[in-house]
Amino acid sequence: MGLMKREEWQGLAGDVEWTLRYVDDEAVFPEWQCGTGKIPREAWAGWHEAYKMTYAEYVATQSEKEASAYSVKAAIQRSTIADSLDEGWKSSAKLHYGATALAEYAAALAELRMARFGLSPRWRNMAVLGCLDEIRHTQMALYFAHEFVAKDAQFDWAQRAYHTNDWAIVAARGLFDGLMFSSNVVDLALGLPLTFESGFTNLQFVALSADALAAGDVNFANLISSIQTDEARHAQQGGPTLELLVKHDPIRAQWVVDKSFWLSARLFAILSGPSMDYYTPLAHRRHSYKEFMQEWIMTQYMRMLKEYGLKKPWYWDEFIEGLDVWHHGLHLGVWFWRPTVWWKPQAGVSRAERIWLQSKYPAWEELYGPIWDVITDNLRRGKEEDTLPATLPWLCNLCQLPICTMSKSANGKWSVKDFSLDHNDYTYHFCSRVCRQIWWEDRDSMHLETVVERLLAGEIQPADLGGALAWMGITPDVAGDDAYGYRWAKSGGGAAAAPGRGVR
Amino acid sequence: MSLVSSEPRAIPINALFGGDFVTLLVVVLSTDTMADVGRKVAANVVGKRVAPRRADMAVYYRDELVPSDRTVAQAGIAPLQFVLVDYVDD
């Protein structure tokens, strides 16, 4: 008997639902998980995936992808390419592996939530394939990173990172928990597939893949390109879900999409920003992080908002201003607090690099030049101890990142601003007006104690930087250091990029 | 009974030094004067990320300049509050 063509049966199969007779619908599809809200139950029959695929097709396609990705890896493993990779670039890979490998596994669980509680059988089927995707991504990231563990213990953080309380991981975990686990599956579909995956993984997986190829890291480019082909498919669960929510509850749709976009942008500012503008060797940088964001994120995101009838987010001006400052401050923070991370941040402020930064970000020298001047000067004088931290940066109560966002006052002066909020006799601090507002609206699902708050509460002993490092799981063999051993400072880097500025 | 205890208490504050790029956890004492607070915050920043200057420092709390001889307790600076320290322009 010949197989029926997919078109002859998939439409019918996609609508198959259980008729519940022994339990209440609410018991099987509780509202707190399903989150249908104002969307009538019958409206879910109109949920249609843009990208149709059967399980047989899925297995065949994935098998080919696996064969391709692993054969490239096997070939590269026999070469000496990995040994010649730039130390700064390797840190991009270490940061990526640590921040994403087990986040992919968390995403598998999130896909399972949609596969169980999505109110459309088509959606549930698509989410099953999405779950298989995410398991594949976890396995690939762990396997690809494992190759380097014997040579460099920092690569072991592909597996370890999410089992620690490292501050960067606490920030990532806060975002992912908020998007994937403390929300119902409708909000999850808008936060994860629609915003994080459709909107932002292009940046990390496509743009970073281009940088990886340019830097000679064929294996890493091969890995993340293979992953992105899956992301592009399962990310499409977001569109039909948003379409229904916009139709029946546009205010909620706007809020969830706006919130998810902001939180994702904050995380990518530390995940992708330093990699693109500082860790990638200058000769291999094709575009700045800001240019990538403008090309890959803003254009596409604005088109998506228009397509679904949503408005521009209320914070758009702050987001645009942030493209010039967020990741520069975060990079400076990561570099100065380098013993607290599992990679070796490349300072990226040699003379030539500062000229490049100034050409891409016209306010860079004014905002960050004087600070790097002092650091560079200390290194030249052999005062490394003055380039290392003695306390912790204060962390935002929403995004969990250091409060280091420069903004311009009415008088034209740039400075860091603290946005505080008194609630129940406690003062919370935020990096921005937007983080403060999101926390206030969604504090029941987004609240997480910061590392600083845990230190002050006595959870970290001894309550000093050394105690914090131990509590974060940072051991001497993985504690970050400058990628180039400060040679950028000693060999005439820094300071001279701006006319008239010199090291004192 | 005085509302302002003479016993020193540790007060963790969220501090920014003018010209720096990040706010910091700094622990001061309730008996510290604003001059002490300025020095404790500056110790984490000046000469490390902000160039030293031959100028006085001032402490601002809730956007108001606090006199340098006033203590943390007298200024009403409670734990977790934001404090700005900066050089005073001539």
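In chain A, that share of residues 24 or more positions apart comes to 80%. This is a predicted model, where local features need pLDDT of at least 70, side-chain atom pairs count only at pLDDT 80 or more, and totals for chains, interfaces and linings use all residues. Residues are numbered from 1 along each chain as its sequence is written, while chains are lettered from A and ligands numbered from 1 in the order in which they are written.

On confidence, chain B averages a pLDDT of 93, with 92% of its residues scoring at least 70; pLDDT is the predictor's confidence in each residue, on a scale from 0 to 100. For the complex, the predictor gives an ipTM of 0.94 and a pTM of 0.93.

Chain B holds two helices and five strands, counted as DSSP runs numbered from the N terminus (H or I, at least four residues, for helices; E, at least two, for strands). Read from the N terminus, its elements go β-β-α-β-β-α-β. Its radius of gyration is 13 Å, close to the 12 Å that the globule rule gives for 90 residues, so chain B is as compact as a globular protein of that length. That radius is taken over C-alpha atoms, and the rule is 2.2 Å times the number of residues to the power 0.38. The C-alpha trace of chain B spans about 45 × 25 × 20 Å along its principal axes. Of its 90 residues, 47% count as buried. Buried means that 20 or more other C-beta atoms lie within 10 Å of a residue's own, exposed means 12 or fewer, and partly exposed is in between, with C-beta atoms placed from the backbone.

Chain A has 22 helices and four strands. Its radius of gyration is 24 Å, close to the 23 Å from the globule rule for 504 residues, so chain A too is as compact as a globular protein of that length. Along the principal axes, its C-alpha atoms fill a box of roughly 80 × 60 × 45 Å, and 49% of the 504 residues are buried. Strand β3(A) (residues 419–423) pairs with β4(A) in the antiparallel sense over five bridges; pairing takes at least two bridges found by DSSP. A:D422 stands opposite A:T427 in β4(A). Two residues lie between the strands of this hairpin, where A:N424 takes a positive phi near 50 degrees.

Now for where the chains meet: the contact takes 27 residues from chain A and 19 residues from chain B. On the chain A side, α16 (326–336), α18 (364–380), β4 (426–430) and α20 (451–456) give two or more residues. The largest share, five residues, comes from α18(A).

The largest nonpolar core has 170 residues, and A:A172, A:C396, A:C435, B:A15, B:V83 and B:V85 touch the most other members. Such a core is a set of buried Ala, Val, Leu, Ile, Met, Phe, Trp, Tyr and Cys residues joined through C-beta atoms within 7 Å. Leaving out residues up to four places away in sequence, B:V85 touches B:A15, B:F17, B:V37, B:G38, B:V41, B:A42, B:M57 and B:V59.

Note on methods. Contact = placed C-beta atoms within 7 Å.
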